Amino acid sequence: MSEKEDKPKKKNRREFLQELGYVGVGAVLGGSAIFAGINYDKRKKQIDRIKVLTAENQLMEIDRNLASQVPKSKAEILTYNQKEGREGIPGKRWVMVIDLSKCKNAQKCMGACQGAHHLRPEQSHIKTLKMQESVNTQPYYMPKPCQHCDNPPCVAVCPVDATYKRPDGIVLIDNERCIGCRFCVAACPYSARYLNWTKPLHDEEDKDKVYNVELNVPQKKGTITKCLFSADRLREGKLPYCVSACPNGVFYFGDENEDAVTNGTTNETVRFRKLLADNGGYQLMPELGTKPRVYYLPPKGKEYPFQDKDRNETEEQVNNS
Amino acid sequence: MAKVSKSDKITSDLLRHIRLNKSFIIWMGFLGASLLVCLYAYFTQLRDGLGVAGIRDYVSWGMYISNFVFFVATSLIGMLISAILGLLGTKWSAPLARIAEIIALAFALVAGLVIVSDMGRPDRLLNVIIHGRVQSPIVWDITVVTIYIVISALLLYLPLIPDLKICNEKLTNVPKFGRKIYELLSLSWVGSEKQVDILKKSVRLLSILIIPVALAIHTVTSWLFANTSRAGWDSTIFGPYFVTGAFVSGSAAVIIAMYFYRSNYKLQDYITEMHFDRMGKLLVLVSLVYLYFNLNEYMVPGYKMKKFEAIHINELFTGTHAILFWSTQLLGLVIPAFLLLFKKMRKPLPMLVISIFVLVGAWFKRYIIVVPTQEHPYLPIQLVPNIFKHYTPTLTEILITIAPMLLVLIIISVLSKVIPIIPVQEMIEEAPKSPEGDLKTNSVK
């Protein structure tokens, strides 16, 4: 029994020492843990806590993990797009130069345009027109986009400010506001504006997309659609769809402020004013006072003679579509 | 007591037509049923888009806009007859003033609807107010047409007040609530000196006000075209050209209305041959003025034959629109004006026939002004289906164009069933006083 009684005594002593050791180690560990904890908390305060503004306009601080981004509603994205679409790209003055001597009526520009803007086969913001001034002059092909006039008759007549001139020179259309009166169609001397007379081509597929005013997609029934100088591509720092699609080096596109335009096929960048000066650049119907931002280089020394069969083929394609 | 007092006779004559009868119900049934068919056509346009019409990207303004111009034009007659002739102190036109005002109001009201039928997005009509831009002639047009409607309505209503009182007193066969409405609308008119004075002054003021507004509505309508740089529209005389043309179609409309009111409502004693004779002369006058503007409009560019003007002129004179152009000019303007120079032609029936020609011609004249210009823009029309190149109205489009005409007929028919179409009070005042002096109704002044 005594042994039995003794044992716990011994154990007790050992235990005491042991426990003392535990406490010591524990205290050190605990202390350092607390220290680390406080330090950690301090750092956490700096990194993982963020300031948020509540709907009641109070500045609060919360744990980053607790915060989640409120998804933007479609209406908010649309409002943002429309705002951005009206402001344009700061510091730029876009210009296009079309070299008529190079156009071989490949119509790749038309195809790229139709694809990008979800247009019907009979619609295209750019058209390669067969031009002939008089009986004795040679016919030639003339790609004709919107001229993005600096004095645009379409913008003047719009009753609701749906079509507007941006500081960077582009004439845009907001088809969320357009009432479809077609006064702009009547006013445009370049026939550069088109209405969605019926259901747009990708009406079903585009149903849930938020309207991008710089691409004019989704197209909307009963509203105007027109060339936008591919404002969405310019925002990404790329050349317009038609310019990049041309296989024959017809299009130059760039910034008047920088006095530089880039050829869409060769990617060669040249001086804008020098290009015009060297090649007799001109504008379409400048006598109307519209001040176009699209310039043409005359069809001198054409690489490709005009062929009537091209025309007939394309006409048939359109009529059968 | 054998002789009925003159004013009583006038009153009973002029109020006789205010009652429901079978022929009116049949007429309204016909108009209503036709209107429903046309409204269905408009429904398909709402559902499928403007593509149901023949208009496309090049000729993008077609029958609807022609119709709009025609409606605005015809509504101008209210200003000519009740304001200009009234202010000039012309006595003979007094019985016609209300007919002219009814036509003016009906056509102006419906013109607003016509323009909506041409919109790609009629659901966004309010954008014109929310985002309206003062630079756009459309906003000017909406503003002045609205003002014109308001003034025309007042010019119809104010001179009607004494008559409404008479209706309230004398129309014993209409239901009680009907008479109550007349009473309410007559604004407790008793014909006191003060009331008569206020009425005369306000009518005079409105008659003066309506002249610039009426000139404005059609001038601005013409600017929808003249403010573009298209060959055929790019003209500085479009304002007066449209206004004078408006008087032609409006006069014809009034003559047609006069004829039917006269025969249907037995108003031979009030709308006399003298009135037809005078209206005939008026029509000759306005036609000659309009002819003068036509001469300027076509002869001057026709002489110079500038490139694009030449295409336009050739299309009209000898091209695809030649038949329509010469028909409107000859059958709708020159020949009617010539025929009306003869006294024999200024009788009711010949004038009805002539006026129908003038009115139909006036409609097609608007079409000739609106459509051909768009078929030859500055740049060639290429790489589009054939339907884009030549404008051919579709059946749906024609029905939607007819709808406003039916609506105007409905408005005119209904109005002339509820109010006396000849000013009763004025007729009593103007009637030659008989020696017995039996013109002693309380309202006579």
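This is a predicted model: local features need pLDDT of at least 70, side-chain atom pairs count only at pLDDT 80 or more; totals for chains, interfaces and linings use all residues.
**Entry 1: the core**

I began with the largest nonpolar core, which has 187 residues. I listed the residues with the most contacts inside it: A:C242, B:I77, B:I99, B:I103, B:A111, B:V254 and B:M258.

I then picked out B:M258. Leaving aside residues up to four places away in sequence, B:M258 touches B:L96, B:I99, B:I271, B:H275, B:F276 and B:M279. One of these, B:I99, is also on the list of residues with the most contacts inside the core.

**Entry 2: a sheet in chain A**

I traced an open sheet of five strands in chain A. The order reads β12-β11-β10-β3-β13, and the pairing is mixed. Which strands stand at the edges? They are β12 (269–271) and β13 (294–297) of chain A. Each has a single partner strand, so one side of each is left without a neighbour in the sheet. On average, neighbouring strands of this sheet are turned by 30° against each other, direction ignored.

β11 of chain A, residues 260–263, pairs with β12(A) in the antiparallel sense, over three bridges. Within β12(A), A:R271 is the bridge partner of A:A260.

I also checked helix α8 of chain A, residues 272–279. This helix lies across β3 (94–99), β10 (251–255), β11, β12 and β13 of chain A. Its angle to β12(A) is about 70°.

**Entry 3: a helix pair in chain B**

I turned to helices α14 (residues 322–339) and α15 (residues 348–375) of chain B. They pack at an angle of about 145°, and their axes are 8 Å apart. Is the crossing left-handed or right-handed? I noted it as left-handed.

From α14(B), the contact residues include B:L324, B:F325, B:L331 and B:P336. From α15(B), they include B:I354, B:F357, B:V358, B:F364 and B:K365. By class, I recorded 13 nonpolar, three polar and one charged residues in this contact.

**Entry 4: where the chains meet**

Last, I looked up the contact between the chains. It takes 36 residues from chain B and 38 residues from chain A. On the chain B side, α6 (127–130) and α7 (137–157) each supply at least two residues. The largest share of that side comes from α7(B), with three residues. How do the residues of the chain B side divide by class? I have 16 nonpolar, 14 polar and six charged.

Note on methods
Residues are numbered from 1 along each chain as its sequence is written. Chains are lettered from A and ligands numbered from 1 in the order in which they are written. A nonpolar core is a set of buried Ala, Val, Leu, Ile, Met, Phe, Trp, Tyr and Cys residues joined through C-beta atoms within 7 Å. A residue is buried if 20 or more other C-beta atoms lie within 10 Å of its own, exposed if 12 or fewer, and partly exposed in between; C-beta atoms are placed from the backbone. Two residues are in contact if their C-beta atoms, placed from the backbone, lie within 7 Å. Two strands pair if DSSP finds at least two bridges between them. Helices (H or I, at least four residues) and strands (E, at least two) are DSSP runs, numbered from the N terminus. Axes are lines fitted to C-alpha atoms, for helices over the stretch in contact, and angles run from 0 to 180 degrees between N-to-C directions. A crossing is left-handed if the near helix is turned anticlockwise from the far one by less than a right angle, and right-handed if clockwise. Ala, Val, Leu, Ile, Met, Phe, Trp, Tyr, Cys and Pro count as nonpolar, Asp, Glu, Lys and Arg as charged, and the others, Gly among them, as polar.
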